[in-house]
Amino acid sequence: MGFKARDRASRKSSDDEQASSSSKEGQEPCGVNGCEGWSDASMGGRSISVNDAEDMWGKGFTVRKNRVRVCKSCYRSWKKSNKQDDQHYG
Ligand SMILES: [Zn+2]
């Protein structure tokens, strides 16, 4: 007597294996029109005020909750032109 757990032969083809995408994808697209970056915080994205964005891109961006979410490179280029660093010259 006794039940013998019958081990099922694993015959099912594992088609489930998804090809891991090499390109990183985020959740939040960059708010700047034409930019294909990601504004996720995990990917270096930041959010700046609408006024700041207007100075940089005019009206070419998307506003979300009174903020403009930008990707890392957009933020860097914006910061570059705004020189908000505490750098002192001379
Ligand atoms: Zn961007």
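A residue is called buried if 20 or more other C-beta atoms lie within 10 Å of its own, exposed if 12 or fewer do, and partly exposed in between. By that criterion, buried residues make up 20% of the 90 residues in the protein chain of this predicted model.

The protein chain has two helices and two strands, and from the N terminus on these elements follow one another in the order β-α-β-α. Of the contacts in the protein chain with a separation of 6 or more, 56% are accounted for by residues 24 or more positions apart.

As for confidence, the protein chain averages a pLDDT of 82, and 67% of the residues score at least 70. Over residues 16-22, however, the pLDDT is below 50, and this stretch has zero contacts in the model beyond near neighbours in sequence. Among the elements, confidence is highest in β2, at a mean of 98, and lowest in helix α2, residues 72-82, at a mean of 94.

When residues up to four places away in sequence are not counted, R64 touches G31 and R69. The C-alpha atom of R64 is separated by 9.2 Å from that of V50, which lies 14 residues away along the chain.

Key:
Residues are numbered from 1 along each chain as its sequence is written. This is a predicted model: local features need pLDDT of at least 70, side-chain atom pairs count only at pLDDT 80 or more; totals for chains, interfaces and linings use all residues. Two residues are in contact if their C-beta atoms, placed from the backbone, lie within 7 Å. Helices (H or I, at least four residues) and strands (E, at least two) are DSSP runs, numbered from the N terminus. pLDDT is the predictor's confidence in each residue, from 0 to 100.
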